[in-house]
Amino acid sequence: MYKLLLVYKYLLSRRIALASVLSVTLGVATLVVVNAVMTGFATEMRERIRGILSDIVVEGGGIDGFPDVAGHMARIERAVGDKIAAMTPVVETFGLLSIDYMNQTQTIWVKIIGVDPVGKTRVGEFAEHLLYHRGPQPPSFDVPAPLREIERVFLQREGLVPDDWDSPSARLLPPQPVTSPSAVRGGVAPAEHQQQTDGYLDPNPFDDGPETEPAGAAATDAPLDFDHAPADASMGIVVPYLAVAYRDPVTKQDRILLPRGCPVRLVVPGSGKRPRPRFARFVIVDYFKSGMSEYDQTNCYVHIDDLRRLRGMGDRATSIQIKLKDYADAPYVVRTLRQIFPPGLYRIATWEELQGPLLAAVDTERRILTLLLFLIIAVAGFGILAIFSLIVVEKTRDIGILKALGASDAGIQGIFLGYGLALGAVGSAVGTFLGLQIVWNIDRIEHWMSVWTGREIFDRNLYYFDRIPTVVEPQTVALVAFGATMIALLASVWPARRAARLRTVEALRHE
Amino acid sequence: MSEAALRWQAVPSAPATAAEPLLRAIGLVKSYRQGAWPTRRRSLLRRGLDLLGRLRDGADGIEVPVLLGVDLEVQPGEFLCIVGQSGSGKSTLLHLLGTLDQPDTGEIWFEGRRIDRMPPRARDRLRNEAFGFVFQLYHLLPELTVLENVVLPLYVRYGLLQYWRYRRVWYQHARVLLERVGLEHRLHHKPRQLSGGEMQRAAIARALIADPTLLFADEPTGNLDPATGLEILELLLALNREQGLTVIMVTHDRELAALADRRLRLHAGRLVPEPDGPQLGVASPAQPTG
């Protein structure tokens, strides 16, 4: 009983001890905030990745994919149909996207994803990541009439006849504007352009002779007629936002360099044992902006049928994306599908497995930060140890009095252990409260700090978050508070034992 | 009791007194090591340092003999005063008798039980239940109010459950005692707000709350002016007379000591009868007191 009373009294009367616990408070607050923000980041990122990838992906056959997609889907349906909410075939390949801006041609490598917009919308988030898409209806790759008009204006302004790029000869002799249209292009200095393209046209060491590219072979390719498609039939494409936009460093406003309706050129590997490049012109119908800079740099979406025709791959698909009714079934579904589709030919994985290294990296980061911050609290523990030792010295006579009145050694030890526990609990509670307050007002605090320091703390360029994402996990907060309390308790063990061992008589004589 | 009586007879030259003494000390010897570490058990590091120090001509401390064979008997209801010069070991003797410290050799018996070698928990309980202590420097806990300080021994003795059940009784008891010592107007003051005399009164009330058999007073008037000191002593005397409380008081003030039933002088590590006292209280077996 006297232990509780004295702990209570000491708690009220000893300000210096409260000061020592301030470091525990700050440590706990920091830990709560860091954990909430990092968990928020991770959660946000996972949600976005999951939305882009869908729950389970069945991949096979490299970039050429596997045939008989409908048959595959039927087998999946038979096996685990009751667990599946939706699935859609997808064709993924790499390619080159050439964009013209201010008379300069830039070519970047992109990931070209052929999707069925309706099916893709069902298996994951797709419409949400399109910059201009509004309304509940699924997005479409059709080029509406106004964009068509813009495209025509662009093509006229550049003096490009549609066939200039898309003709079989142009396809066989890649970007070769020097041959005829240099005069037509006008704006570009011909000599300079010549030099560039000359360098580009250096004999290809991998080119194993002229017979590999006979005009006849190309002419007999199935999608040949598609290559001849007139300009007004060019297909819609969703281009990666970061590839065509830049942020003005002064105004912080994004500027899209290529408006919708602007034509772009795409080079993709054709299908078959000996892939040949295929060229096509597309019209920008939308921009892909998910907030994950990696995807926003590289992900190009076109209609799956357009891509199949362009690459001449029939009804093949490189993967089937599956959305489950309940994600908890994922391990079962993956196991079942692995039995159906031979592992050597197909890769079946959840989105988490596909993004394993990235997610693991984020988790590792969070764990290490937590560890480091706990070390800070441990340092605070040594502060408590020092102050407690001083308090024990200061209280030596009181300890003697209590022992003279019949308090046992264990009781004396209990007073100081209880005191440490109480201080730790108070420090943790205040720290948790402080941390949660910061988490809940983090955007305001960030704004305020940015104004004060004149430096942006949270660079929204990096992640395209409008607000700092935070997720408070109650069990993490509880664990942090508990851990900090335990550190305070541990720090008081040694002083408490010292107090218990004091000899009564000498303690009483202590001045 | 019977077992204790047997033990008494086993002690050589045990007196055949009619009334059994309340407290009896036999051949107490105690020496102190000056400059020693104040904790009971010493750490390994400290012991290692000791060893090194002893190799270097005993820097561990000097053995100072304090008590060289003290014999004492205290009868129930007695007011015994031990006088002596400062540094003569009066307080040490009191601490030994009150089990705050252990003698090097010798025995202490209380109500037929040997108490100098009791296990720590039993000794703690004995102190709490049978002994009351009043110190020269009052030794009140500064964080607690007067009332809480007085109830403190009961806090120490009982747990939380009993506290909830009996706290009103305890506080009532404490109020009565504080009234008895004349502090009823200071119940909720902190010790630092009180004068020396008031603090000592509070300390006496605290010593009485557990209804002790034996009260140890270590220079209770040492820090007080003569008038206040006399008041305190009169309070102790009144408790002794009215309630039959046995008191062992240590003082160096002869005038105050003259008021006690019996006076002993601690001289050169031994107890001798105070020469100018009217009564002779003797601890030697040859002269039993009665």
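Is A:Glu506 buried, partly exposed or exposed, and why? A:Glu506 counts as partly exposed because its relative accessibility is 22% (buried means under 20% relative accessible area, exposed over 50%, partly exposed in between, with a 1.4 Å probe and protein chains only). The model is predicted, so local features need pLDDT of at least 70 and side-chain atom pairs count only at pLDDT 80 or more, whereas totals for chains, interfaces and linings use all residues. Residues are numbered from 1 along each chain as its sequence is written, chains are lettered from A and ligands numbered from 1 in the order in which they are written, and side-chain values use heavy atoms, with hydrogens and water left out.

A:Glu506 forms a salt bridge with A:Arg503, with 3.8 Å between the closest N and O atoms (a side-chain nitrogen of Lys or Arg within 4 Å of a carboxyl oxygen of Asp or Glu). A:Arg503 is partly exposed at 25%. Over all chains, 28 salt bridges are found.

Another salt bridge pairs B:Glu148 with A:Lys9 at 3.1 Å. This pair crosses between chains, from helix 5 of chain B to helix 1 of chain A (helices are DSSP runs of H or I, at least four residues, and strands are runs of E, at least two, numbered from the N terminus). B:Glu148 is buried at 13%, and A:Lys9 is buried at 15%.

Turning to strand 8 of chain A, this element holds A:Asp286, which is buried yet has no salt bridge. The side chain of A:Asp286 does reach the backbone nitrogen of A:Tyr132 at 2.8 Å and that of A:Leu131 at 3.3 Å.

Key
Lys and Arg count as positive and Asp and Glu as negative; His and the chain ends are not counted. A polar contact is a pair of N or O atoms within 3.5 Å; within protein, one must be able to donate a hydrogen and the other to accept it, and residues adjacent in sequence count only if both atoms are side-chain atoms.
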